[in-house]
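Work through the exercises below with the sequence and the structure at hand. Each task is followed by a solution in steps.

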Amino acid sequence: MILRISKSAASLVLAVLMASTVAAQSDSGVDFFDGKFEEALEQAKSVELPLFMYLSIPNCAPCEFVEKNVFTDTEVGEFMKARFVSFKIDAYDESANGPAIAKRYSVGSYPTYLILDHEGALQQRATSSMNSSNFMRSISWLTGEISSPMDDHDALYEAGERGDEFLQEYLLDSILALSLMPKDIANWEENMRAYGNAQDKYTSIMNQYMTNKSPQDLINSTDFRIISRYAKYRNDKGVVFVIDNFEGFVDATSMEEVSGYLLAVIADNAFFRAMEGDPTYIELIDSLEEEPLKRATEFKRSVDRESGLLPENQREHLAVTFSEATKEAASEEQE
C-alpha cells in the first residue's frame, strides 16, 4: 500500500562482466538479481538504472499473491526489465541482512516495494498486493510516465459528479492511490490516521456506487475488484452482496478469487472478534459450513488443506486467542 521511480540503457560489455552475479534470464516474469543487496546496487549503477527492491515475509498471503500472479507475468517482466534492476529480500532472513534492511527503510507492512538510487537512497515506496495491470500502472505513476488522475477525480466528485462510469473509474484509481500512501514506521501513527481516513472516504463512495447501480450490473470482474477491496466486514453491504450472488461472481471472475476473498473476510473478522473476547467468533467459523460459503471452503480445501482460512485450521488457535483475551479482560476488571 505505498510508492516508486525509473530509467535508462545498458552496456553489453558490463552486462557480460556481471553475468556471473546476475540470475539467469527467465522466459517470463521479473528477473530478480541473484546476490547481495550491495551487489544489486552496484549492478544498478553499472547499467544506469534505479534499483527496485521487493520486501516480503514468510506466510504473507498478499506477498504470495504478488509472487504467484504478478512477478511471473511476462508483460510485467518486460516492463520491469526496461526500467530497473530488480532485487527481492525476505525481511526476516538474518543471513541476507533482511531485518537490518527493513529497519533501514522503516518498512512497516508487507509486501513493500522500494525504488532506490545508486547510493541506496530511497526515492519512492509502495505497499499492498495488486494485479499485474495495477502494478505496472502504479509504477508508471511513480516514475512520472503517466500522471495520477486523483486530483481531477477529487475535484469532479466535490463538484457533484456521481455518474456510474465516473465513480467506477474513481474507485479503481483510488485502490492505486491507497497503495501509494506512505506507510513507513517512522511516522506510523500519522500515516495510519491518514490512510484510515482515505479508506473510510472511498468505502463510503463504494457504498454509494453500489446503491446507485442496479444489482445485476454490479456482477462483473471490475466491480468485484472494487467491492473486494473496500468491503471487509461480514455484514458490509458488499460482502453480503457477493455472498448472495456467489455463482454470478464466480462466473464473472473465478472460484479461486471469490472463495479467497470471502474466506479471508471470515477469517479476519473471526480473528478480531476472538482477540476482543467476543464469543461470536465461533459463529463466523461455523458459517463456513453453510452454503454458499461451504462451496468456497470445499474449493479451498481441495487445493490447500493446510490453508489457515479453513475452519478446521482456525478453531484451535482462535480458541487460544479468545481465552487469552477473556483472561486479560478479567484481570483488568479486577484491577
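**Exercise 1. Decide whether aspartate 286 is buried, partly exposed or exposed, and find its charged partner.**

Step 1. Aspartate 286 has a relative accessible area of 33%, so it is partly exposed. Buried means under 20% relative accessible area, exposed over 50%, and partly exposed in between (1.4 Å probe, protein chains only).

Step 2. The model is predicted: local features need pLDDT of at least 70, side-chain atom pairs count only at pLDDT 80 or more, and totals for chains, interfaces and linings use all residues. Residues are numbered from 1 along each chain as its sequence is written, and side-chain values use heavy atoms, with hydrogens and water left out.

Step 3. The partner of aspartate 286 is arginine 315, in a salt bridge of 3.1 Å, N to O. A salt bridge is a side-chain nitrogen of Lys or Arg within 4 Å of a carboxyl oxygen of Asp or Glu.

Step 4. Aspartate 286 belongs to helix H14 (residues 281-286) and arginine 315 to helix H16 (residues 315-334), so the pair ties together parts that are 29 residues apart in sequence. Helices (H or I, at least four residues) and strands (E, at least two) are DSSP runs, numbered from the N terminus.

Step 5. Arginine 315 is partly exposed, at a relative accessible area of 34%.

**Exercise 2. State how many salt bridges there are, and describe the one between lysine 201 and aspartate 154.**

Step 1. The count comes to nine salt bridges.

Step 2. Lysine 201 and aspartate 154 meet through their side chains at 3.4 Å, N to O. Lysine 201 is in helix H9 and aspartate 154 in helix H7 (residues 150-158), so this pair ties together parts that are 47 residues apart in sequence.

Step 3. Lysine 201 counts as partly exposed at 32% relative accessibility, and aspartate 154 is partly exposed at 23%.

**Exercise 3. Give the strand order of the open sheet and describe the surroundings of strand S3 (residues 112-116).**

Step 1. Four strands form the open sheet, in the order S2-S1-S3-S4, with mixed pairing. Its edge strands are S2 (85-90) and S4, each of which pairs on one side only. Two strands pair if DSSP finds at least two bridges between them.

Step 2. S3 pairs with S4 in the antiparallel sense over five bridges. Threonine 112 has threonine 127 in S4 as its bridge partner, and leucine 116 has leucine 122.

Step 3. On the other pairing, strand S1 (residues 51-56) is joined to S3 by five bridges, and the two run antiparallel. Tyrosine 54 stands opposite tyrosine 113 in S3.

Step 4. Five of the five residues of S3 are buried, so the strand is largely enclosed by the rest of the structure. Thr112, Leu114 and Leu116 are buried on one side, and Tyr113 and Ile115 on the other.

Step 5. S3 and S4 form a hairpin with five residues between them, and glycine 120 in the turn has a positive phi of about 90°.

**Exercise 4. Find the nearest side chain of opposite charge to arginine 125.**

Step 1. Arginine 125 lies in strand S4 (residues 122-127).

Step 2. Arginine 125 is buried yet has no salt bridge, and the nearest side chain of opposite charge is aspartate 184, 4.6 Å away. Lys and Arg count as positive and Asp and Glu as negative; His and the chain ends are not counted.
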